[in-house]
Amino acid sequence: MHPGHHLHSPPSMSPSLLSKLRLVTVDVTGTLIAYRGQLGDYYCMAAKSAGMLCPDYARVHQGFKLAYAEMSRRHPCFGHAAAMPNAEWWKMCVRDSFAMAGYDYDDDTFERIFRRIYATFGSSAPYTVFPDARRFLRWLRGSGLVVGVVSNAESRYRDVVLPALGLHQGSEWDFGVFSGIAGVEKPDPRIYEAALEAAGGVAPAEALHIGDSLRKDYAPARSLGMHALLLDRFGTAEAESWRRAGAPVLPDLAAAREWLAGDVTKEEAEPATAR
């Protein structure tokens, strides 16, 4: 298809959704990038580097989930309101993760383990980019749209992780709204309001958000009047409930490109109960 084809559709055809948009915002983890391996892999490597035995993967994973949820409740947005340094927030989270998993290290040992974990997750090592991500983002920008990244993440995603993965501000995306910098996090709709503002005051009806969570991505974006789309890259059991809630659900960004450039009248007109 010619890059400008959607602007010159014959009168009998409905314009594509793409032609109605000025802004597309995208979630990061699960949408553009994925984790490599398991959390336990990295905690195990760090423990071994400090001369300790490898901790139990399942216990560490469960401990981390509990510790992360508690830290997010006590110090949301990675401690933004308290001006807490990223390393301090993560140190408390990792220490609590090990404690909840039943592991207690002396201060020197824990410091060695934590430094290894913190450095690893501040690099590209634990992540992989989905093969359709860069092409999709560049296609959007080449079509004249502004592309924003919206993520519950701290500054290292913007400054280190995304660039190290080949997702650069200025070539793949135009701006980012990261919770640890903005001080607001999903599912609060204000993080999407911040994105609309950062794009130059784009109207919600001229914006689309793409993510992988009904609660954090689809629902808050739709509540503002934005278009929204969910990706089900891994065949999650929740996807059917997403469809019942009325969300368009696609397998990847290649399918999202076709959906955006095609005739969306049927999709928009079809009642959610029929999908």
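**Entry 1: the β-α-β unit**

I began with E4, helix H7 (residues 155–164) and E5, which make a right-handed β-α-β unit. I note here that the model is a predicted one. I then looked up how the two strands of this unit are joined. Strand E4 (residues 146–151) and strand E5 (residues 175–178) pair in the parallel sense, over four bridges. For Gly-148, I found Phe-175 in E5 as the bridge partner.

**Entry 2: the sheet**

I next traced the sheet to which these strands belong. It is open and has six strands, in the order E5-E4-E1-E6-E7-E8. The pairing in this sheet is parallel. I asked which strands stand at the edges. They are E5 and strand E8 (249–250); each has a single partner strand, so one side of each is left without a neighbour in the sheet. As background, I recorded that strands of a sheet pair through backbone hydrogen bonds, either parallel or antiparallel.

**Entry 3: a helix across the sheet**

I looked up helix H6 (residues 133–142) and found that it lies across strand E1 (23–26), E4 and strand E6 (207–211). Relative to E4, helix H6 runs at about 135°.

**Entry 4: H1 against H5**

I turned to helix packing, starting with helix H1 (residues 39–49) and helix H5 (residues 107–121). Their axes are 8 Å apart, and the packing angle is about 140°. H1 and H5 are therefore oblique to each other. I noted the crossing of this pair as right-handed. On the H1 side, the contact is made by Leu-39, Tyr-42, Tyr-43, Met-45, Ala-46, Ala-47 and Ser-49. These meet Ile-113, Arg-116, Ile-117, Thr-120 and Phe-121 in H5.

**Entry 5: H4 against H5**

I then examined helix H4 (residues 86–100), which packs on H5 at an angle of about 115°, with the axes 10 Å apart. H4 passes H5 in a right-handed crossing. From H4, I listed Asn-86, Ala-87, Trp-90, Lys-91, Val-94, Arg-95 and Phe-98. Their counterparts in H5 are Asp-107, Phe-110, Glu-111, Ile-113, Phe-114, Ile-117 and Tyr-118. By class, the contact of H4 with H5 has nine nonpolar, one polar and four charged residues. I also noted that Ile-113 and Ile-117 of H5 meet residues of H1 as well as residues of H4.

Definitions and conventions
Residues are numbered from 1 along each chain as its sequence is written. This is a predicted model: local features need pLDDT of at least 70, side-chain atom pairs count only at pLDDT 80 or more; totals for chains, interfaces and linings use all residues. Side-chain values use heavy atoms; hydrogens and water are left out. Axes are lines fitted to C-alpha atoms, for helices over the stretch in contact, and angles run from 0 to 180 degrees between N-to-C directions. Angles under 35 degrees count as roughly parallel, over 145 as roughly antiparallel, 65 to 115 as roughly perpendicular and the rest as oblique. A crossing is left-handed if the near helix is turned anticlockwise from the far one by less than a right angle, and right-handed if clockwise. Contact means heavy atoms within 4.5 Å. Two strands pair if DSSP finds at least two bridges between them. A crossover is right-handed if, with the strands pointing away from the viewer, the path from the first strand over the helix to the second runs clockwise. Ala, Val, Leu, Ile, Met, Phe, Trp, Tyr, Cys and Pro count as nonpolar, Asp, Glu, Lys and Arg as charged, and the others, Gly among them, as polar.
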